[in-house]
Amino acid sequence: MSPSSQRISHRALQSLLLKRFGMAVATYTMILLLCSVALLGGLFRVPASTAMLGVGLVALSQLVLFWLFSSGRNLQFSDPSLTELQVLLALGWHTWLMSMVDSARGALVVIYVLIMLFGIFQLKPRVFTRCAAFAFFAFAGLNLFEAYRMQLAEPALALLQVCVLFVLMVWLSLFASYVQALRQRMRQRRFALQAHQDTLRGMMRQLEDLVATDELTGLFNRRHFLRLASRELDSLAPNRQHGLALIDLDHFKRINDVHGHAAGDRVLQTFAAVARACLRDGDVLARYGGEEFVLLLPNGDADRLTACCERLREAFACAEPVGVQVERLSLSAGMTLLVAGEDLDDALQRADQALYRAKRGGRNRCDAAWEGQGA
């Protein structure tokens, strides 16, 4: 992945984690409002100053977490969401809250479940179970400590609350395992679907290549060339021009008659290999039909088109097809220029006329139709 893609991914991750942190802060706010109700109702057995101290400590812990997320330091941890830390911290604060109330514990015990639900989709099953065990033993330990100090007003009610919390934590742990198993299966199916899509895209590309490519030479076929050339012509700027050439292999029929069609095929393949070595990236070469080829040089002037065709002609004359003894290889080319707004068929006609003159002039040469474009 490129550095820019990593930065985008990190920003998206941080945005999501900050939203989840905002949900946690909103939950803390609602719980503190409930505590205010309990405080006004006289259900707290500690002074109001102690309760306010607890509120301040909770706010301080959340400010530290916000600093970790906003500074990006959370990305240094194995779990950038810090879900386990947030859940354990919330469970600890809630257990402290439970130690400051007495008769209201039964109503507030459900908040343990609310805290655990925060990690049900993020935490692994063993980590979730560990947090559930912490919640249970923290609450059970609080009741045991008060029972040891003879401060437990209703032991039977406290035992019932501990048992209820145990059942809730066990059920949530099992449900979390089920949810994680479902997520894992969905992830595997998504990966399998993505693999099938990649395979399908690869097959589509192969099919497109087969449709656009001449099977013998591996070059583009006529249909695909006309589509590409029309697209290039449509996007041509008014002050620019393209080079266009029709290329014909000389005496190709004689090669087929004397050496056979297999030798002719080898000559065509040799020309394709020579052309690939001579052309630059972006130049378009296609088999136009039989032994005739068409060449498009985007943003090419007359000098560059002439140099390219001459280089190709000389290279082909020096080529030696493998397994074929041919006396002499040569080609003829007819060249023209394309300008914005011109009809492609008219340009091909000019190139064909220039090719005819090259053939009539003795072959093994490149002829141009510059006069047709005022060049």
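What follows is a chat about a predicted model of one protein chain.

Reader: How many helices and strands does the protein chain have?
Author: In this predicted model, the protein chain has twelve helices and five strands.

Reader: And what radius of gyration does the protein chain have, next to that of a compact globule of 375 residues?
Author: The protein chain has a radius of gyration of 40 Å, whereas a compact globule of 375 residues would come out near 21 Å. Along the principal axes, the C-alpha atoms fill a box of roughly 120 × 45 × 30 Å.

Reader: What share of the residues counts as buried, then?
Author: Of the 375 residues, 41% count as buried. The chain exposes about 21400 Å², and carbon and sulfur atoms supply 61% of that area.

Reader: Among contacts with a separation of 6 or more, what share comes from residues 24 or more positions apart?
Author: Residues 24 or more positions apart account for 72% of those contacts in the protein chain.

Reader: How far apart are the mean positions of the positive and negative charges?
Author: The chain has 39 positive and 33 negative charges, and their mean positions lie 12 Å apart.

Reader: Which residues is C131 in contact with, leaving aside its neighbours within four places in sequence?
Author: With those neighbours set aside, C131 is in contact with E84, V87, L88, L91, M116 and L123.

Reader: And how far is C131 from A302?
Author: C131 and A302 are 171 residues apart in sequence, and their C-alpha atoms are 77 Å apart in space.

Reader: What about A212 and A286, how far apart are they in sequence and in space?
Author: A212 and A286 are separated by 74 residues in sequence and by 9.7 Å in space, taken from C-alpha to C-alpha. A212 itself is found in helix α7, which covers residues 155-212.

Reader: Why does A212 count as buried, and what is it in contact with?
Author: A212 counts as buried because its relative accessibility is 7%, and buried means under 20%. Leaving aside neighbours within four places in sequence, A212 is in contact with L219, F220, N221 and H224.

Reader: Switching to the backbone, what is the phi of M150?
Author: M150 has a positive phi of about 60°, although M150 is not a glycine. Most residues other than glycine have a negative phi. M150 sits in the loop between α6 (125-148) and α7, and at 75% relative accessibility M150 counts as exposed.

Reader: What about R363, what is its phi and where does it lie?
Author: R363 is a residue other than glycine with a positive phi near 65°, and R363 lies in the loop between α12 and β5 (366-368). With a relative accessible area of 35%, R363 is partly exposed, because that value falls between the 20% and 50% cut-offs.

Reader: Last one: where does E342 lie, and is it buried or exposed?
Author: E342 lies in the loop between β4 (331-339) and α12 (344-360). E342 is buried, because its relative accessible area of 17% is under 20%.

Reader: Which backbone atom lies 3.1 Å from a polar atom of the E342 side chain?
Author: That is the backbone nitrogen of V339, which lies 3.1 Å from a polar atom of the side chain of E342.

Conventions:
Residues numbered from 1 in each chain as written. Predicted model: local features only at pLDDT ≥ 70, side-chain atom pairs only at ≥ 80, totals over all residues. Heavy atoms only, no water. Helix = DSSP H or I, 4+ residues; strand = E, 2+ residues; numbered from the N terminus. Buried < 20%, exposed > 50% of the residue type's maximum accessible area, 1.4 Å probe, protein only. Polar contact = N/O pair within 3.5 Å; in protein donor to acceptor, adjacent residues only side chain to side chain. Rg over C-alpha atoms; globule rule 2.2 N^0.38 Å. Contact = heavy atoms within 4.5 Å. Areas by Shrake-Rupley, 256 points an atom, 1.4 Å probe, with all protein chains shown as cover. Lys, Arg positive; Asp, Glu negative; His and termini not counted. Charge placed at Lys NZ, Arg CZ, Asp CG, Glu CD.
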